[in-house]
Amino acid sequence: MNRQDRELTAPRKLTNEETTRLRSLLRSELRLPPAAKDTHGGSGSSQVSIGSDDPLAQQAEEDAADLLDYTFAMIANGKDVGYVVEELKSMEMDICDGEAAERMGGCLAKYLREIGEGGGS
């Protein structure tokens, strides 16, 4: 990710549709166990909807929801992509290691550029 990407912030408040789409994109970059993947029904909701009896998958799903909620709080508070990435890395979560945080940052930067140019969602 280049310096320009790291300095990007949301150009405005995201619409519900944009938030749902971005949440889905970011979630796909997390290191979730197979049983936890796509159990949220594609809604992008932070609601935990566990499709497995596996406690590790359940914990991963809850961690993903919390991490994405925090990510969106940072975006709403005007934090730039670089700040978000460093914050995610510092959390040292199994589902979001340094590589996953960087991938999320790249995804976030691309999406923020698109909506800034009027091509979001």
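Reader: At roughly what angle do the axes of α2 and α3 cross, and within what distance do they come?

Author: The axes of α2 (residues 16–27) and α3 (residues 55–76) come within 11 Å and cross at roughly 125°. Axes are lines fitted to C-alpha atoms over the stretch in contact, with angles from 0 to 180 degrees between N-to-C directions. Helices are DSSP runs of H or I, at least four residues, numbered from the N terminus. This is a predicted model, where local features need pLDDT of at least 70, side-chain atom pairs count only at pLDDT 80 or more, and totals for chains, interfaces and linings use all residues. Residues are numbered from 1 along each chain as its sequence is written, and side-chain values use heavy atoms, without hydrogens and water.

Reader: OK, which residues in α2 meet α3?

Author: Thr-19, Leu-22, Arg-23, Leu-26 and Arg-27 do. Their partners in α3 include Glu-61, Asp-69 and Phe-72. Contact here is heavy atoms within 4.5 Å.

Reader: And by class, what's in that contact?

Author: Six nonpolar, two polar and four charged residues. Nonpolar covers Ala, Val, Leu, Ile, Met, Phe, Trp, Tyr, Cys and Pro, charged covers Asp, Glu, Lys and Arg, and the others, Gly among them, are polar.

Reader: Switching topic: which residues line the largest pocket?

Author: Among them are Ala-10, Arg-12, Lys-13, Thr-19, Phe-72 and Ile-75. The lining divides into five nonpolar, three polar and two charged residues.

Reader: Which helix gives the most to that lining?

Author: α3, with three residues. Both α2 and α3 supply at least two each.

Terms used. 1 Å grid on protein atoms, 1.4 Å probe; cavity = no way out; pocket = protein on both sides within 12 Å on 5 of 7 lines; lining within 4 Å.
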